[in-house]
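Subject: Structure handover

Hello,

Here is the structure you were waiting for. Please open it alongside this email. My notes follow below.

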Amino acid sequence: MRVYVMTDLEGVSGVWSIEEQCVPSGREYDLARRLLTAEVNAAVEGLLAAGATEIVVADGHGAGGLYFPDLHPEAVALMGRPVPPAWALDEDFDAFLMIGQHAMAGTERGILDHTLSSQSIVHVWLNGERIGEMGLNAAVAGHFGVPTILLSGDDVACEEAQDLLSPLGPIETVAVKQSLTRGCGLCLAPARAQELIRDAATRALQRLSEFQPYQPEPPLELKFEYLLNTPAEQAARRPGVERVDERTVVYRGDDFVQLYCYR
Ligand SMILES: [Zn+2]
């Protein structure tokens, strides 16, 4: 059984600051990366216990989130930039997980909420509904027929995952911190967070047959609202991309990976 684990840094227990923890100049950047990697390793252990034979871990944080020397020996990591389209996901994987995920931009209370980039993107919509990074990731996996079975992050991110994905199957979510404000929350001790992730990963993979891939109904309409005009201007140069206002563009088509990963 081949499993793909997408990671991000903002949703890890103990992570609450971009400046201190999520960029290389941050005082606690290495600490945050080690905390993420320990959560990932816990997921790997849980997956192995449920019969996973190959586990690919993708470093999904812009500046890099995995602390490579600590990676579990049974996993391999997709690291570096630029990443291949669709993050090298394909139909040969059986399950998809997200560790360290944050809520979408504009979510009340969500710790470090954003969608792809807090510097440039205000909101993203898919077929008229606001969608966050987790939804976009789940749709990439879904494109290849791979179901999302587990997500960890703060309680707000977990709620977003349940709203989006639980209609397709009983997704496992692990709230490793309870969000109080965008930059503050009650964080589980690392050992506790890891224990919960390990157990949830085992449970989720054991129930794999109960999950369905997330495959939004075509025709698809993917809309980006940028903070400034420039990215919209640039995006609208591509044939078939409609600029709906100064800062907003719409991509239309039937193939999600074409729309999202090749934009
Ligand atoms: Zn990130």
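Through how many residues does the hairpin join β8 to β9? The hairpin has 2 residues between these strands. Please keep in mind that this is a predicted model.

**The hairpin strands**

β8 covers residues 172-181 and β9 covers residues 184-187. The two strands run antiparallel and are joined by 4 bridges.

**The open sheet**

There is also an open sheet of 5 strands. Its order is β6-β5-β10-β12-β11, and the pairing is antiparallel. β6 (129-130) and β11 (242-245) are at the edges. Each has a single partner strand, so one side of each lacks a neighbour in the sheet. β6 is held to β5 (residues 121-126) by 2 bridges, and these strands run antiparallel. Opposite Trp 125 you will find Arg 130 in β6.

**Helix α3**

α3 spans residues 133-143. Of its 11 residues, 10 are buried, so the rest of the structure largely encloses this helix. The buried residues include Glu 133, Asn 137, Val 140 and His 143. What do the buried residues of α3 pack against? The strands are β1 (2-7), β4 (95-101), β5 and β7 (148-154). The helices are α4 (155-165) and α7 (256-261). Just after α3 comes Gly 145, with a positive phi of about 80°.

**Helix α4**

α4 is mostly covered too, with 8 of its 11 residues buried. Among them are Asp 155, Val 156, Cys 158 and Leu 164. The cover over the buried residues of α4 includes β4, α3, β7 and β8.

**Where the two helices meet**

Two packed helices are described by the angle between their axes and the distance between the axes. For α3 and α4, the angle is about 45° and the axes are 10 Å apart. That makes α3 oblique to α4. The crossing of α3 past α4 is right-handed. Which residues make the contact? α3 supplies Met 134, Gly 135 and Ala 138. α4 supplies Ala 157, Glu 160, Ala 161, Leu 164 and Leu 165. By type, the residues of this contact are 6 nonpolar, 1 polar and 1 charged.

Best wishes

Notes:
Residues numbered from 1 in each chain as written. Predicted model: local features only at pLDDT ≥ 70, side-chain atom pairs only at ≥ 80, totals over all residues. Pairing = 2+ DSSP bridges. Buried ≥ 20, exposed ≤ 12 C-beta atoms within 10 Å, placed from the backbone. Contact = placed C-beta atoms within 7 Å. Axes fitted to C-alpha atoms, helices over the stretch in contact; angles between N-to-C directions. Parallel < 35°, antiparallel > 145°, perpendicular 65-115°, else oblique. Left-handed = near helix turned anticlockwise from the far one by under 90°. Nonpolar A, V, L, I, M, F, W, Y, C, P; charged D, E, K, R; others polar.
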